[in-house]
Amino acid sequence: MLDCGLDMTSTLNFLPLPLVQNPRLSNLPGWSLKDGNAFLDKELKECSGHVFVDSVPEFCLPETELIDLSTVDVILISNYHCMMALPYITEHTGFTGTVYATEPTVQIGRLLMEELVNFIERVPKAQSASLWKNKDTQRLLPSPLKDAVEVSTWRRCYTMQEVNSALSKIQLVGYSQKIELFGAVQVTPLSSGYALGSSNWIIQSHYEKVSYVSGSSLLTTHPQFSVVFQPMDQASLKNSDVLILTGLTQIPTANPDGMVGEFCSNLALTVRNGGNVLVPCYPSGVIYDLLECLYQYIDSAGLSSIPFYFISPVANSSLEFSQIFAEWLCHNKQTKVYLPEPPFPHAELIQTNKLKHYPSIHGDFSNDFRQPCVVFTGHPSLRFGDVVHFMELWGKSSLNTVIFTEPDFSYLEALAPYQPLAMKCIYCPIDTRLNFIQVSKLLKEVQPLHVVCPEQYTQPPPAQSHRVDLMIDCQPPAMSYRRAEVLALPFRRRYEKIEIMPELADSLVPMEIKPGISLATVSAVLHTKDNKHVLQVPPRGGWGPPPRPAQPTGGKKRKRPSDDIPDCKVLKPLLSGSIPVEQFVQTLEKHGFSDIKVEDTAKGHIVLLQEAETLIQIEEDSTHIICDNDEVLRVRLRDLVLKFLQKF
Amino acid sequence: MDPECSRLLPALCAVLVDPRQPVADDTCLEKLLDWFKTVTEAGPSLLLLQENPCLVELLFRVLKAHDPRPRVLSFSLRLAGLFAAQEDCFQYLQVSLSRAVDTIFSLQGDSSLFVASAAGQLLVHILALAMRGPAEGHPSPQGCDWPACAQKIVCHVEDSLRSTATPQVTQALNVLTTTFGHCHSPWTQGLWVRLSPLVACLLEKDPIPASHSLVDLLLSVARSPVGSSDCGLWETLAQTLSHLSPTQAGPLALGILKLQDCPQALKTQAFGVLLQPLACVLKAAAQAPGPPGFPEGATGDSITVDTFLSSKSACVGLLCQALAHLELLQLLPQRPSPWPQAPLLRAAVAILRFCHGSAAPTSDVGGHLCAVLAGCVRVQRAALDFLGTLSQGTGPQELVTQVFAVLLEYLTSPDSSPMVLKKAFQATLRWLLGSPKAPSCCDLDPHTQLFLGELLPVLRKRLCSPCWEARDSGLEFLTQVTRHWGGQAAFRHALLASEVPELTGQLLRDPESYVRASAVTATGQLSSWGLYATPTGPEHPEVQQESLFTELLHILSTDSEGFPRRAVMHVFTQWLKDGHADVAEDLEQFVARVLQAASQDLDWEVRAQGLELALVFLEQLLGQPGSRCPYAVALPEAAPPATLAQVLQALCRVQLFEFALRALFDCDRPVAQKSCDLLLFLKAKATPCGGPQEAGASPDVVSVEAALQRWQAGEQGQPLGELEPEAVMAVLRSMDLEGLRGMLAKSSDHMEKSPQSLLQDMLATVGVLGENEADCY
């Protein structure tokens, strides 16, 4: 299984979970059907023309119906955003396999899960809505609830216990480490340049290679994104039979550099006017980039006295982790790990008290809180986490601004339950993953035989149908897939590598049949175990019937190793060479056959023994003796034919 | 040539022909050529050749050498050309060099471009000289009466034109281009008659070989007297235009349109070629049959479309070329008339939209253009430049609205690269300043006011950009627009309401020095119009409000970079000229403080600008020297003219004398020169009235002169102390300022620039003059 992401956009259909009693949200009117039927009014609330589910938010899981997940042997994780559904799979499907991921992926993934669990669990909500999920009821609901897919499979958030259990099934791997899977294939994670510890995967056998490219970034020489992670390893992706491509930028038209510029300018303008800035974000990822840019920018913009707050249950761990994963950073940053200077500048922001971090709005934060300020906090969906509090607190003033930088959620939908809203909303999605120009360069460089990708990448975005530059353009055209579609990858496994035991190899006598090409016949036993094939020396006894296995000396029934060798059939020698017809006829005559006639055919010759009513058909790769039920004659003739051929 | 040079020359020539000796760098050889050029231009040079046989020897040996060094060969060829330009020298050289023509032919293909080009030029010189004399007049095209040498060259050119190898053809075309460019004698007409069929044959080949050189030749012929008399030429040009690919035809079309007199039909055809790519864009962008486009002949033919579709680089190249050519053409007086302003505007807007991804084309070509041009910075820059140039004309209001809309898109877009943003600001400025005034009053028209309302928030955001180039371009734009509209009520109103002036003040403390410099200029400009209020931000609430003057003075005295300090000096000078309120408050105090800060500056441009400011001050006190500064507002004009004594007193009080005298001995020549001019002006103004006081009347003169001598000796640290006006005037009278000015007018390296020094240096580098230490510069 490649990756295990969680679709959190489902939460946009739910009402936000406020941290403190919120009269506005609790007094929203219930929703009733057009005919006045109000049986759903406890579950569904109406806010500014939108209908929301008033319940604990639920998440949309990966497809579980298509295959039996208990039969999955291995899950490969490419980055920390792509493992958020792991507890659902490892804890509730009978999964007994292994999950592979790099260490930073696991550590930061744990932080994201921990934050998620914390956000949801700290505001327990008694109510759980299920009536609306009834298929007949759902049809009657307004959009987008009406169009939500697979609502019956939506699940509440997992618990910390499940998270820990899931994470314990992860096997840590390092970049370029080769991992054997059941002898059948080898998998290798490669640096993908997108996030701390993010990886692409190579899955290869001796003769086939599949690359899985997900969430990669090529921003290496960017002035503002001084890419902090190891650069993407492209060279190792070459010679792939199939390249599975996913995790491209969600906002192909927005250049990350320009967006950071927008972010900074809007932030400065708001703060300068005495307003506060709210940045809904994950506790890791883009926030590092933003802090690094702000570090360079705040002095030039005269913002040195403005406090920056980072509020998350895992803020402290996140900031600390990023400073210690030396081997996962780019060279520049790596060298800094061993210097007194921290690799990320946010350490300096913290030292100089410009950036302060808190686990939540309760406690120390309320004492230190000073306005105007900039707050980074989650969750970007605006449905849970401390961000809900700031939306309520600052939403009424047009001096304040909320700046969306995470591309995962539609900002308009995220804002819907807060309407009407006076605060300014700025959308600066920052997605450093590959765009289509970069993909095109990558494919030219890597030249896979086939590309497989989601259908969406093979056509222009629906809103910009003329932008044919915003799609994958490769030869042969990419194979695309859609949800729940089963795709046969365009290669067949034709060859297996077989190992020859040294003793056996010693006994081979190659014969040169052409300059540079030698042949040897091998008689051996093929031993196959764990998808590895070994040719072993056959049991003694030549071509006769196989020796009877020695009777066990003791009375023990336990098999001995030699018992594993299967019984060999009588081995016939292999023949080679050609039959010179004239000499063959002479030999026949010598042996008493007369009245011999030779006919040439398209493929060889037919020797007719008219007297014996027998026919010998000699072709390049076969010889047939056709005689009428005279086995003695056939054997005689066979032996004469064999005289002309070499035997192995 | 002076004897010392003559003495050094043989040794140098020996070095140049000796393959074992290292040759000085190209620059030295270029300087040597320059010197020979001045020598040969000064008069007949035959004697020079005769007296310095080493020169002919040099030419001869270099041309004969098996493997000459390219730079020496190139030098020798050009030297030969210099001498050969004089007839007697040519004949003198011909004796020894005529056998060398074959060598020169082969050198045309030399791998060194310098050598190849020099060989070509030499052939032209030889041909031109050979055709002088006996063949002067109208020689027959067949060339039976042409001198042997000329025959040989022309036959070689003919052979080359017939060659199937493109380099050969290129060489021949280049020789002919130079010939028709430089020689306008009647024989060139014969030459063209003889060669034009061969040139026409080139057009029939596919692909046309050496198309660039062919275009150059045809234009060269068209510009020469041959062009005006040969009707066949116009046909050839027309034929060439239609045979060449759109990219190749562009330069030819522009060249044709620049010609003074050529048939209208050809001009129309050429203009059509330039318009083709834009016509294609318009067609691709059209949602429905739109308003009339370009004139007949420019309707986006299939060849242009094919070029667009062939590759991204071809498409981008063709569009950029067309835009650049049309931009050049628009500025020319002989540009085609009527000028299709409206379709051009529409095309420029369409291109910018394609580049921005905001166009929604319906055709296949449009889709392709969209994919190719999206985010293409090169085309964006070219199109914005072009759009800016189009602001000189007018257009229907609906189109102008589109222009402003697309400009605003570019100014707003986070994806605009810094260079594109700068161009967008420049184009916006040109369109804004070109927009009409409202008919009823002298204020801005309503459309412009509306646009300003949208523009200023964008400008405000750009001033907050983390990208310093964006902040800088924004400030430059603000300065320019304020300079022109500072007095317009609508502009003043919008600007004051926009927070932009406060942000500009904030940028005086920007970490980037270019931005600080631009912020200085912008605040200076805003302040001149009373549009600047000292900022109070959350950053510095504790800072006491201080005047802009104090803040700029602070930058002048403390900024570590030169650009902001220079900018401050320019602002102060402008303020003084304009009679800025901060200046008028206490004029002497202002001048004194600025001069004091400038005098200690390490940057000579700041000190030089200080003298400029001092001169403005002087002019205001004493009246202007002629029409030196016609726009300066003389402040004291309203007051009764001050007496000279009062003026001198004032100059002493602001310590202008000390500043100027110190500058007189400045180690940077421009500063000393400026100071000299200033003191001469003062002397001229003061002397007629200074009759009563004679030199030596004041005992202080001695101490002043002593201080000056110390300064001259480099001890600039010594103060001058209190100065009496009389003493200063006496010192000025006693100084030879005119002499000093003459000295300073000579370039600082006039000693080292002498040919003798050059020869010595070149020889020194190879060790021939052992005793002379190398003194290369």
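Predicted model: local features only at pLDDT ≥ 70, side-chain atom pairs only at ≥ 80, totals over all residues.

Reader: Phe404(A) and Tyr411(A) form an aromatic pair, so of what kind is it, by the angle between the planes?
Author: The ring centres of Phe404(A) and Tyr411(A) are 5.7 Å apart, with 50 degrees between the planes. Planes under 30 degrees apart would be stacked and over 60 edge-to-face. That makes the pair tilted.

Reader: And is Tyr411(A) buried or partly exposed?
Author: Buried means under 20% relative accessible area, and exposed means over 50%. Tyr411(A) comes in at 24%, so Tyr411(A) is partly exposed.

Reader: How many aromatic pairs are there over all chains?
Author: That takes a search of the whole structure. Counted over all chains, the aromatic pairs come to 33.

Reader: How many residues apart in sequence are the parts that Tyr309(A) and Tyr358(A) tie together?
Author: Their rings form a tilted pair, with centres 6.0 Å apart and planes at 55 degrees. Tyr309(A) sits in strand β12 of chain A and Tyr358(A) in strand β13 of chain A, so the pair ties together parts whose separation in sequence is 49 residues.

Reader: What is the relative accessible area of Tyr358(A)?
Author: Tyr309(A) is buried at 0%. Tyr358(A) is buried as well, with a relative accessible area of 6%.

Reader: Over to chain B: how many helices does it have?
Author: Chain B has 777 residues, and 52% of them are buried. Its secondary structure has 0 strands, and the helices number 40.

Terms used:
Residues numbered from 1 in each chain as written. Chains lettered and ligands numbered in written order. Heavy atoms only, no water. Phe/Tyr/Trp six-rings, centres within 6.5 Å; stacked < 30°, edge-to-face > 60°. Helix = DSSP H or I, 4+ residues; strand = E, 2+ residues; numbered from the N terminus. Buried < 20%, exposed > 50% of the residue type's maximum accessible area, 1.4 Å probe, protein only.
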